[in-house]
Amino acid sequence: MKRILVVDDERSMTDLLGIMLRKEGYEVLSAGSRATAADVLARGPVDMVITDVKLPDGDGIEILRHVKGASPETAVIVMTAYGSTQSAVGAMKLGAHDYLIKPFDVDELKIVVRSAFERQRLSEENVLLKTEFRTRHGLDRIVGNSPPMTALFNLVRSVAPTSSTVMLSGESGTGKELVAKAIHAMSRRKEEPFVSINCGALPETLLESELFGHVKGAFTDAYQNKKGLFEAAHRGTLFLDEVGETPPAMQVKLLRALQERRIRRVGGTSEVDVDVRVIAASNRSLDELVKAGQFRSDLFYRLNVIPVRLPALRERREDIPLLAGSFLARFTEHMAKKVKGISPPALERLMRYSWPGNVRELENVLERAVALETTEEIRPESLPEGFLSSAPAATPALEEGFSLDRYVAGLEAEMLERALSQAAGDRALAARLLGITPRSLRYLVGKHGLGGDKN
Ligand SMILES: Nc1ncnc2c1ncn2[C@@H]1O[C@H](COP(=O)(O)OP(=O)(O)OP(=O)(O)O)[C@@H](O)[C@H]1O
Ligand SMILES: [Mg+2]
C-alpha cells in the first residue's frame with residue numbers, strides 16, 4: 001500500500017485529504033507543521049508528500065528540498081493558494097511532481113496523485129533498465145549488426161555468465177580483446193580483476209614467473225616474493241592473449257595449471273589454489289599450429305572448450321558504415337573537429353577495401369581521415385593512398401589493337417600486387433584475400449614475375 005504524507009497547518013485540510021485519499025486505497029499520514037513533517041519522515045519512508053507551501057514554521061519548499069535530498073524517488077506535490085502560482089513553478093523546478101492550486105476539487109486531486117505515482121513507477125522501471133544496461137555494458141562497445149555479429153553477441157551472452165574456458169580466434173584487429181573484456185564484464189566475476197598477458201611477448205623463464213610468480217631467491221633477479229598473474233586474477237578472469245605463441249616448455253606448465261587450478265611459484269615449495277576463468281585468444285589458427293607440431297594438442301583441447309570465432313571485417317562489410325560512423329563520431333569529438341559525415345564516394349571506397357587489418361585498420365584510417373579532413377565530410381582525398389587507386393580502372397575503348405588477354409593479365413597482376421602488399425608478404429593471407437589457393441597464388445606470382453626473393 002502506498003504511503004502518503006499530507007502537510008498543512010489547516011486541520012480541516014489534512015482531514016479532508018485524509019478521507020479522500022484513504023478512499024482511494026492509500027495509507028495517509030498527516031502533519032501540521034514543518035517540524036512534525038520532519039519527525040514523520042524520520043520514522044519511515046513515504047511514497048509521496050503533499051504539502052502546503054505556507055507553513056507556520058517554514059515553507060513547503062524546504063520540505064521538498066529535504067525529501068528530494070533524502071529520497072529522490074519520493075513524489076512531492078505542493079499546494080498553493082490561488083494567486084501564488086509563482087511558488088508552484090519554483091517548486092516544479094526543484095523537483096516537485098505537480099502542484100495543486102487551492103481550492104481544488106476531489107477529481108483534480110485524484111488525477112494529480114495517480115499520475116505522480118504513474119511517473120514514479122516509470123522512473124523506477126527506468127532505473128531497472130539502466131542497471132540491466134550496465135550489466136550489458138560489455139557488449140555495447142562492440143559495434144556491428146550484421147548476421148555474424150548478431151550470432152557472436154548471442155553466443156557471448158550465453159557463455160559469459162558461465163565459468164567455462166573460452167577460446168577466441170580471429171584475425172588481427174577483429175576485436176578479440178574487446179570480446180574478452182565484454183565476457184568478463186558480463187560475468188559474475190565482473191567486480192573481480194581482469195588480468196591479461198601476452199603469451200608471445202616474453203621469453204620462457206620470464207613468462208613463467210609472470211604467470212606463476214616466484215619466491216625470493218628463486219633466480220638472480222628475484223629479490224623478493226612476487227605474486228603471479230594467476231594469483232592476481234584469483235576469482236576473476238585471466239586473459240591469455242596470443243596463446244599460440246606460448247613457448248613449448250611453458251605449454252606443459254600452463255596445461256598443468258589449467259587442469260589442476262593450482263599453481264606453484266617459481267622456486268616455491270607449496271602450491272596455491274586459484275579460481276580463475278580463462279579466456280584465451282589467438283590470431284593464428286591453433287588447429288594448424290597443432291597439426292604443425294607447434295602447439296600441444298592436450299593444451300588445445302583444454303582451451304578450446306567454447307570456441308568463439310570473430311569474423312573478419314571483409315566477411316561483414318555491411319557493418320562498415322556503422323563502424324566508420326562510430327569512429328568518426330569518436331575522433332571528431334576527441335579532435336574537436338566539425339566533420340559531420342562520410343561522403344558517398346569515400347564510403348564506397350571503404351566498403352570495397354579488403355581490410356586485412358580489420359576493425360583496427362578501419363579505426364586508424366578514420367582517425368587519419370578526421371585529422372586531415374578540412375571540409376564537413378570525409379572525402380576520398382583524406383583516405384590513404386591505396387584507397388584512391390582502388391577505383392576501378394577506366395574501361396578501355398574497344399578498338400583494333402585491344403587484347404583481351406593482355407587486359408585480363410594486367411588486371412590479374414594488379415590484384416596480385418595489391419594483395420601481396422596488403423598482406424605484407426604473408427602469402428597465405430594474400431591467397432585468402434584473392435579467394436584462391438596458396439598453390440594458385442604461387443603459380444600466378446611466377447607467371448607474372450612478381451616473386452621477388454620470397455617464395
Ligand atoms: N566490433 C568492434 N566495434 C568497435 N570497435 C572494435 C570492434 N572490433 C575491434 N574494435 C577496435 O579495434 C581495435 C582492435 O581490437 P582488439 O585489440 O580487440 O583486436 P584483437 O583481435 O585483439 O587484435 P590482435 O590480434 O591484433 O591483438 C581496438 O581499438 C578495438 O576497440
Ligand atoms: Mg589482441
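The legends below describe close-up views of a predicted model.

**View 1. The open five-stranded sheet.** The 5 strands of this open sheet follow the order β9-β12-β15-β8-β16, and their pairing is parallel. The edges are taken by β9 (194-198) and β16 (306-309); each has a single partner strand, so one side of each is left without a neighbour in the sheet. On average, neighbouring strands of the sheet are turned by 20 degrees against each other, direction ignored. Helix α7 (residues 147-159) packs on the sheet, where it touches β8 (166-169), β15 (277-282) and β16. The direction of α7 makes about 150 degrees with that of β16.

View 2. Strand β9 runs parallel to β12 (residues 237-241), and 5 bridges join the two. The side chains alternate along β9.

**View 3. A nonpolar patch on the surface.** Leu398, Phe402, Leu404 and Val408 form this patch, and together they have about 410 Å² of accessible area. One of these residues, Phe402, is placed in the loop between α17 (385-389) and α18 (404-422). The relative accessible area of Phe402 is 31%, so Phe402 is partly exposed.

**View 4. Surroundings of Arg34.** Arg34 belongs to helix α2 (residues 34-43). Because its relative accessibility is 31%, Arg34 counts as partly exposed. With neighbours within four places in sequence left aside, Arg34 is in contact with Leu55, Asp57, Gly58, Asp59, Glu62 and Ile63. Thr51 is 17 residues apart from Arg34 along the chain, and the C-alpha atoms of the two are separated by 9.4 Å.

**View 5. Arg427 in helix α19.** Helix α19 (residues 427-434) is the place of Arg427. Buried means under 20% relative accessible area. Arg427, at 18% relative accessibility, therefore counts as buried. Between the C-alpha atoms of Arg427 and Ala346, which lie 81 residues apart along the chain, the separation is 29 Å.

**View 6. The cis peptide bond at Pro103.** Most peptide bonds are trans. The bond from Lys102 to Pro103 is cis, with omega near -5 degrees. Pro103 lies in the loop between β7 (98-102) and α5 (106-135).

**View 7. Positive phi at Arg261.** Most residues other than glycine have a negative phi. At Arg261 phi is near 55 degrees, a positive value in a residue other than glycine. Arg261 is found in the loop between α11 (248-260) and β13 (262-264). With a relative accessible area of 25%, Arg261 is partly exposed.

**View 8. Positive phi at Trp355.** Trp355 is a residue other than glycine with a positive phi, near 50 degrees. The loop between α15 (344-352) and α16 (358-372) holds Trp355. The relative accessible area of Trp355 is 0%, so this residue is buried.

Definitions and conventions
Residues are numbered from 1 along each chain as its sequence is written. Chains are lettered from A and ligands numbered from 1 in the order in which they are written. This is a predicted model: local features need pLDDT of at least 70, side-chain atom pairs count only at pLDDT 80 or more; totals for chains, interfaces and linings use all residues. Side-chain values use heavy atoms; hydrogens and water are left out. Two strands pair if DSSP finds at least two bridges between them. Helices (H or I, at least four residues) and strands (E, at least two) are DSSP runs, numbered from the N terminus. Axes are lines fitted to C-alpha atoms, for helices over the stretch in contact, and angles run from 0 to 180 degrees between N-to-C directions. Contact means heavy atoms within 4.5 Å. Patches are made of residues with over 30% relative accessible area and no salt bridge: like charges are joined within 9 Å, nonpolar side chains (Val, Leu, Ile, Met, Phe, Trp, Tyr) within 5 Å. Accessible areas come from the Shrake-Rupley method with a 1.4 Å probe; for residues, only the protein chains shown count as cover. A salt bridge is a side-chain nitrogen of Lys or Arg within 4 Å of a carboxyl oxygen of Asp or Glu. Buried means under 20% relative accessible area, exposed over 50%, partly exposed in between (1.4 Å probe, protein chains only).
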